[in-house]
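Here is a friendly walk through one protein model, with the sequence and the coordinates at hand. Please keep the viewer open as you read.

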Amino acid sequence: MRVSCQITASLFFTVVFLHTTAQNEEKKWEDKFKQLNQEFATPNSYRTASGAPGHEYWQQQADYSMKIRLDDELQRIYGEEIVTYHNNSPDDLFYLWMQLDQNYLDKQSDSWKIRQMKIGESVSANDLTDLDPWFDGGFKLDYVQDAAGKNLSYTINKTMMRIDLPQPLKKGGALTFKLKWWYNINDRIRLGGRSGYEYFEEDRNYLYTIAQFYPRMVVYTDYAGWQHKQFLGAGEFTLDFGNYDVAITVPSDHVVAATGELQNMREVLTPEELNRFAKARTSDTPIVIITEDEAREKEKTHSKSEKTWQFKAKNVRDFAFASSRKFIWDAQSVSIGSKRPMAMSFYPKEGNPLWGQHSTRVVAHTLKTYSKYTIEYPYPVAISVHAKWIGMEYPMICFNGGRPETDGTYSESTRNGMISVIIHEVGHNFFPMIINSDERQWTWMDEGLNTFVQYLTEKEWDRNFPTRRGPARNIVDYMKGDKSKMSPVMTNSESIYQFGNNAYGKPATALNILRETVMGRQLFDYAFREYARRWAFKHPTPEDFFRTMEDASSVDLDWFWRGWFYGTDHCDMALKDVKIFRLNSKNPVAEKSSDRKAKESQPADISIERDKAEGIITQVEKESASRDFYTDYDPYKVTVADKKDYESYLSQLSGEEKAMLSENKIYCQVTVENKGGLIMPLIFELKFADGTTREIRLPAEIWKMSEREVNKVFTSEKEIVSINLDPHLETADVDLGNNSWPPVTVPSRFELYKEKKWIEENPMQQEGQK
């Protein structure tokens with residue numbers, strides 16, 4: 001199509017067209033670029049508008065000294081605990097709150113009461129058994145006393161306990177008190193949960209992964225006061241930093257892995273184990289400290305005597321441990337900056353050969369990669385413990401699934417799942433164990449950020465690693481789903497629909513899009529590291545993250561946070577219209593030649609063709625008298641008058657206008673409709689007749705004045721044959737069928753299948769390999 005108006009008129013026409021479009025959009029205006037001033041908390045002396053801690057920032061500290069005994073006969077934990085609580089706030093405190101997370105399994109727990117179930121065609125025996133609480137879980141408190149042994153008044157409200165102080169704890173003061181308690185350990189395979197035991201019937205042994213096992217201080221903050229939202233199972237934990245001194249008494253043939261550093265190594269390890277551990281301290285590859293053969297021998301002993309393992313941990317927010325006589329143990333050193341923390345793995349023989357080959361290497365790789373993208377790992381050790389069907393994190397230690405078959409073979413998905421969960425759980429040492437966000441309120445702040453860096457770490461482990469979450473294309477099915485069953489990311493942890501997609505997948509994808517498409521790697525990586533640096537060993541809020549990312553990059557991202565974190569819109573950008581223009585050069589030789597070719601390229605009239613075939617002779621063909629000037633007139637012939645008109649036209653143009661005419665450029669006008677509502681940058685791929693391509697990237701700000709539809713004109717010196725929107729699938733566009741010009745049909749996939757029991761493919765078994 002050609003435009004036969006002068007250049008200045010063409011420019012005027014474009015301006016009028018765009019202005020009219022913007023006016024038509026007024027009825028649909030949602031102000032998607034509005035600043036988040038109303039949504040964000042007001043900056044103050046504790047938290048600044050830049051996203052950094054303020055000059056009066058404070059946080060509490062809770063130190064713990066504990067004596068723990070694991071009863072392997074009754075599957076119980078007994079504990080004596082001394083807490084020293086430091087009030088660094090500007091407030092006097094009249095009472096303290098503690099978390100009793102084990103009460104989640106109490107028979108009167110709300111977690112039982114709010115559990116929903118529908119009876120379908122088939123119901124498992126466990127489902128029916130679990131209709132009513134049967135396990136005697138929860139803390140059994142013997143006492144809560146002050147340092148002098150005087151009983152303190154306390155009130156238990158489900159998973160929270162208020163300790164009423166005889167006198168206020170003044171600002172800047174500290175209080176020491178003590179507790180004694182016990183509880184029954186749950187069968188984690190039967191009841192689930194983040195903590196518990198796994199029983200191995202074959203050798204009559206238990207593997208304990210123990211967490212949330214002691215009454216813990218509730219966090220008191222500047223933004224929420226006491227964070228004592230009840231623990232219902234989904235929203236995890238909010239904790240203060242402190243120092244731990246923990247003695248764990250277990251059967252003498254057990255091996256214990258725990259948060260912190262082992263203090264009495266010579267008392268609990270054999271001389272050979274000590275020698276191997278010394279070699280591991282300087283080794284860049286795993287050294288086996290307790291071998292599989294040695295672990296198999298311990299499985300048989302079932303000792304009745306006991307041994308105490310002593311651990312200390314500084315500046316951590318929690319403590320967890322694992323204990324079993326089944327443990328194989330390997331370790332290596334990891335070079336990170338000027339430090340060499342230890343990477344370790346503890347696993348039963350059922351984990352081999354998979355765990356012996358991969359676990360500790362994955363731990364070391366994770367520490368290195370996360371240190372690159374956040375801060376250098378500050379703790380002396382990071383431990384991966386193998387437990388069936390789990391992925392759970394604590395400072396310096398995590399519990400991870402991924403178990404081979406009994407014959408030692410494993411599927412590719414089992415291997416990849418194991419590597420992925422170890423990266424994820426070890427990565428939690430950074431989010432939230434160091435960058436200490438409020439998990440009970442905002443799950444995404446640790447799970448989402450951690451899943452994003454997990455994605456980077458998986459790709460640096462193996463560039464072809466089958467990552468589940470992070471790439472934009474992987475979130476499409478969720479984004480285009482039923483909005484009534486979808487929550488904004490900024491939703492309380494206990495109220496989230498589709499927990500995994502919402503708290504893990506969507507924020508991780510959003511950050512990957514920020515890095516690759518919106519900000520660019522250099523700006524993003526600097527800002528992300530700055531957030532980690534600012535808030536290491538502190539309590540950040542979402543606003544602190546959002547503000548820091550903008551402050552350190554000079555990129556206004558309110559539109560992005562609003563769309564991805566405060567809303568449920570999806571991305572569906574459609575190429576609504578494409579028009580190709582050329583400037584009319586007025587040159588009769590060029591223009592009439594072009595018109596002739598266009599005329600001749602038109603399909604012949606079917607009626608005329610059939611008349612010819614039937615031998616029909618027209619009147620003007622029969623009789624010359626019927627012919628006149630126009631019978632043989634050639635409208636595409638260049639005349640003297642045409643040439644004079646062209647010379648006259650040229651004389652009126654400026655030098656700049658003549659140059660534009662001579663360029664003979666193609667002008668491509670594209671109209672893009674935002675059908676999904678989510679604002680995103682626009683990425684076009686133009687393909688030319690000579691086979692070459694050109695990529696054009698437009699920032700999201702193109703939508704600032706027209707949120708539903710935008711128009712853009714591209715220029716080209718080559719013929720454009722096709723246009724593709726989002727060619728790299730980097731914006732999570734949910735409908736690729738409207739992204740192309742000319743339109744390209746995107747076939748849907750379906751599979752005909754017979755209903756059968758799903759069996760995971762295991763080529764190692766098929767080929768008899770191990």
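## About the model

This is a predicted model, in which local features need pLDDT of at least 70 and side-chain atom pairs count only at pLDDT 80 or more, while totals for chains, interfaces and linings use all residues. Residues are numbered from 1 along each chain as its sequence is written, and side-chain values use heavy atoms, with hydrogens and water left out.

## Two open sheets

Helices (H or I, at least four residues) and strands (E, at least two) are DSSP runs, numbered from the N terminus. Two strands pair if DSSP finds at least two bridges between them. With that in mind, look for an open sheet of seven strands in the order E5-E8-E3-E2-E14-E18-E16, where the pairing is mixed. Its edges are strand E5 (140-146) and strand E16 (261-262), each pairing on one side only. Inside this order, strand E2 (residues 61-71) and strand E14 (residues 242-251) run parallel and are joined by six bridges. Arg69 has Thr249 in E14 as its bridge partner.

Another open sheet has four strands, ordered E6-E7-E4-E11, with antiparallel pairing. Here strand E6 (153-157) and strand E11 (216-217) are the edge strands, and each pairs on one side only. Five bridges link E6 to strand E7 (residues 160-169) in the antiparallel sense, and Tyr154 stands opposite Ile163 in E7. The loop between E6 and E7 holds Lys158, a residue that has a positive phi of about 60° although it is not a glycine. Lys158 is partly exposed, at a relative accessible area of 45%; buried means under 20%, exposed over 50% and partly exposed in between (1.4 Å probe, protein chains only).

## A buried strand and a buried helix

Strand E20 (residues 328-333) is largely enclosed by the rest of the structure, because six of its six residues are buried. Ile328, Asp330 and Gln332 point one way from E20, while Trp329, Ala331 and Ser333 point the other way. E20 pairs in the antiparallel sense with strand E17 (residues 287-290) over three bridges, and Ile290 has Trp329 as its bridge partner in E20. Strand E21 (residues 342-347) also runs antiparallel to E20, joined by six bridges, with Ile328 opposite Tyr347 in E21.

Helix H8 (residues 354-373) is largely enclosed too, as 15 of its 20 residues are buried. From its first C-alpha to its last, H8 reaches 28 Å, close to the 28 Å expected at 1.5 Å a residue (the expected span is 1.5 Å times one less than the number of residues). Pro353 sits in the loop between E21 and H8, and the peptide bond to it from Asn352 is cis, with omega near 5°.

## The two largest pockets

A pocket is an open set of points on a 1 Å grid over the protein atoms alone, where a 1.4 Å probe fits, with protein on both sides within 12 Å along at least five of seven lines; lining residues have an atom within 4 Å of a point. Grid points are joined across faces, edges and corners, and a volume is the space filled by probe spheres set on the points. The largest pocket has a volume of about 960 Å³. Its lining has 46 residues, of which Ile390, Gly391, Met392, Glu425 and Tyr504 lie nearest its centre. Helix H9 (412-427) is one of the elements that give two or more residues to this lining, and H9 provides the largest share, seven residues.

The second largest pocket has a volume of about 760 Å³. Among its 30 lining residues, Glu350, Lys388, Arg403, Pro404 and Glu405 lie nearest its centre. H9 gives the most to this lining as well, with five residues.

## Cysteines and other backbone details

The structure holds zero disulfides (pairs of cysteine sulfur atoms within 2.5 Å). Cys398 is buried at a relative accessible area of 0%, and Cys668 is also buried, at 0%.

Trp389 has a positive phi of about 55° although it is not a glycine. Trp389 lies in the loop between strand E22 (381-386) and E23 and is exposed, with a relative accessible area of 61%. Finally, the peptide bond from Trp741 to Pro742 is cis, with omega near -10°.
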